[in-house]
Protein chains: 2
Amino acid sequence: MKSINIGIIGVGNVGSATALLLENNKDIISARAGVEMIVKKGVVRDIDKVNKDINISISNNLDDILDDDSIDIVVELMGGVDTAFEVAKKALSKKKAFVTANKAMLAYHRYELQEIAGDTPICFEASVAGGIPIIKALRDGLSANHIMSIRGILNGTCNYILTKMTNENLNFNECLKEAQNLGYAESNPKLDINGMDSAHKLLILASIAYGVNAMPEDILVEGIDKINQDDIFFANEFGYVIKLLAIAKKTGNDVELRVHPVMICENEMISKVSGVMNGISVIGDKVGETMYYGAGAGGDATASSVVSDLIEVARDSSSPMFGFKQPLESGLKIKSISSIESKYYLRINVFDKAGVLSKITSILGDNGISIKMLLQKNSNYEGVATLLLSTHKSNELSIQKAISSLCKLDVMYDKPYMIRIEE
Amino acid sequence: MKSINIGIIGVGNVGSATALLLENNKDIISARAGVEMIVKKGVVRDIDKVNKDINISISNNLDDILDDDSIDIVVELMGGVDTAFEVAKKALSKKKAFVTANKAMLAYHRYELQEIAGDTPICFEASVAGGIPIIKALRDGLSANHIMSIRGILNGTCNYILTKMTNENLNFNECLKEAQNLGYAESNPKLDINGMDSAHKLLILASIAYGVNAMPEDILVEGIDKINQDDIFFANEFGYVIKLLAIAKKTGNDVELRVHPVMICENEMISKVSGVMNGISVIGDKVGETMYYGAGAGGDATASSVVSDLIEVARDSSSPMFGFKQPLESGLKIKSISSIESKYYLRINVFDKAGVLSKITSILGDNGISIKMLLQKNSNYEGVATLLLSTHKSNELSIQKAISSLCKLDVMYDKPYMIRIEE
């Protein structure tokens, strides 16, 4: 049987799971790839930390892999942006196929890589939603469709926290601590919690769906750390759940790209994705809604995607990097966040004085925002009342202006908190 | 731009949707395929019935396509087994790529086609679960995994009926009629209702997952027509839903293949697939559970899959027919149904006389079956009581022997009805 030589750069959690998977499932991998896959070398910063079960030659010099002409495929699992990008460029310049799980690097440099690669395969199934084959689904399975929308739960840590807040009545910090104890959240969970991890993944999906270019800084990204039990209470009361969604949506020639918490109807399939799991709902103009569900992180699940890419390369059945050979839809442009339309939820803590409600409703009315549902409850603070309300369809500019005006009222206890309602 | 010529055999619902999709989404299809797709000819039995919106040359002679050397890809959407198989053989013998939605033909002839095809692409995404790209997910996305199980809701008609029976308290025949009125069920819905349609699809999935060969007649296939409101009541009461599942499961070297109604815990993701939708849960040894959800039928959704196959062929990125180049796992064999283990639900209608319950429980006890939950209720028939019970884990041989013995009791009103409990 023919063989293919692989070099793995970054032999941490996912890297060692990949090496072990290639060893443990060798039988079916060879049968499906039609070749034998040999991990020839691994490169890692700290050799002493490598999992002792892995039986491959390890060094700490990138060039041991990049300059080795016998290595056919470079697997990049080191993370980070700059060095990883250098590795990618060098591998591709030597016509080595490049397989990566590095969403941050792709978020910044994906189109440069597409340019450099030419016909050399670049695969990145593991960069979005761990073990769920969403890249291949979007790139190959739904290729006949104009993609109308993508809505993804792409960060397991956030979904775990929100699910636990909902089911167990705990506050954000308690749930975050629990996620860290269980190993779901990093010791520095900032990129998870602030939505940036999801944004990186969204940009990759949007490149396949639309061929549009945007950097993480170009799009609206909000995290989940301000959500509290009042918001969960309101959602429960009116048949919503709160999820951190990565959203790409096309209307006419406008593409919306945004990551933020949403209230979404509990009956939608994506709302049923709970705990640490990921899920992506895609609507195509012909196929309608399809949804993909599974583990979004973890060594083995991520390695499953990495190795599926290796098999794709070995079979010589790679699709173009983003699934298109000519430029995709022309004339698409990124919609500015201020022009999106949505329904909104507001949590407003006010000092409980006469006339407060009338001041608030008149500010909303002045901005053309009409209230759909309103709940007033006592807050945990003496003399403070909490107003929870949802609006009919409005737009981002109006709601932001209304929030600014509300902030200026002397009866505000703190800044109003807004969550978009996704329908 | 290069072009590829396509011939469509069978220009009914899916065939015309395919032709229209190729026309309407021409822009992205060319961009993604890298070639222009031209439907050169269609063949249909009754030319007068063809959708008038379709602007292609139509004949009623198969050879107009099969003998046309300029046609690169034959799309078979005619249905049926024998003629479709002849078409497939002839197309492949002429090295034309072959794209089909024909599950029945594949259920019987898939391995012969694999043999004949050699390196000529055969694609059949549309044969299982309509618009859901489950074939590509299993063949490409999960290719690194030993597949532990597949559990599919593969027939929208059955799922619609069961959902409606559950939500609206209606009986089977009322729901079937409604499904027919809505166009979900054929005027002759036998193959849907009796599970055979799901069985065809299961065999195709099992070939990708395991490389095992079986004919529809070799496996257990049960339909949904005997399910009644008593069963729905019991399921509701104990946190189950009733679904028609197509199941493939590997334990050691044994592969179970079966299609039958199940009671399954309402919390599982697959249980949330309701109405006319399809869903497939796949468990891989590394990736864990992933699930795929979407429209399992309908012209546009099915055409989405057909055209994704055309794009795959045009890109020259086809995988092997079942995703393996060498024989897959060796030594796997189909497990006989009599040796499967399961928990069971029984509905037993008896004449309401003293001592009846003791007779029944002693028969179960004699067969080593222990009862987990038991409900007794009045039946709709005077003097008849209905016993609804679930068992602890038992095996198929024991439950079938127990049912036979129960049938011989003179207190039986009718034959006991059994549903397997899937866990």
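## Where the two chains meet

Strand β12 (residues 288–295) of chain A pairs with β12(B) in the antiparallel sense over 3 bridges; strands count as paired if DSSP finds at least two bridges between them. Within this pairing, A:Tyr293 stands opposite B:Met291 in β12(B). Helices (H or I, at least four residues) and strands (E, at least two) are DSSP runs, numbered from the N terminus.

The contact between the chains takes 53 residues from chain A and 53 residues from chain B, where two residues are in contact if their C-beta atoms, placed from the backbone, lie within 7 Å. On the chain B side, α2 (26–33), α6 (134–141), β12 (288–295) and α12 (299–315) each supply at least two residues. The largest share, 9 residues, comes from α12(B). By type, the chain B side divides into 22 nonpolar, 19 polar and 12 charged residues. Here Ala, Val, Leu, Ile, Met, Phe, Trp, Tyr, Cys and Pro count as nonpolar, Asp, Glu, Lys and Arg as charged, and the others, Gly among them, as polar.

## About the model

This is a predicted model, in which local features need pLDDT of at least 70 and side-chain atom pairs count only at pLDDT 80 or more, while totals for chains, interfaces and linings use all residues. Residues are numbered from 1 along each chain as its sequence is written, and chains are lettered from A and ligands numbered from 1 in the order in which they are written.

## The domains of chain A

Chain A is assigned domain 1 (3–131 + 301–315), domain 2 (135–295 + 329–334) and domain 3 (337–422), with bounds from an automatic or database domain assignment. The centres of domain 1 and domain 2 of chain A, taken over C-alpha atoms, are separated by 27 Å.

In chain A, 15 residues of domain 1 are in contact with 16 residues of domain 2. Helix α5 (residues 103–117) of chain A gives the largest share of the domain 1 side, 7 residues. That side divides into 9 nonpolar, 3 polar and 3 charged residues.

Now let's look at helix α7 (residues 156–168) of chain B. Its 13 residues reach 17 Å from first C-alpha to last, close to the 18 Å expected at 1.5 Å a residue (1.5 Å times one less than the number of residues).

Of the 13 residues of α7(B), 10 are buried, meaning that 20 or more other C-beta atoms lie within 10 Å of a residue's own, with C-beta atoms placed from the backbone. Among them are B:Cys158, B:Tyr160, B:Leu162 and B:Lys164. The buried residues of α7(B) pack against elements of chain B including β7 (147–153), α8 (172–181) and β9 (240–251). Just after α7(B), B:Asn169 takes a positive phi of about 60°.

Terms used
A residue is buried if 20 or more other C-beta atoms lie within 10 Å of its own, exposed if 12 or fewer, and partly exposed in between; C-beta atoms are placed from the backbone.
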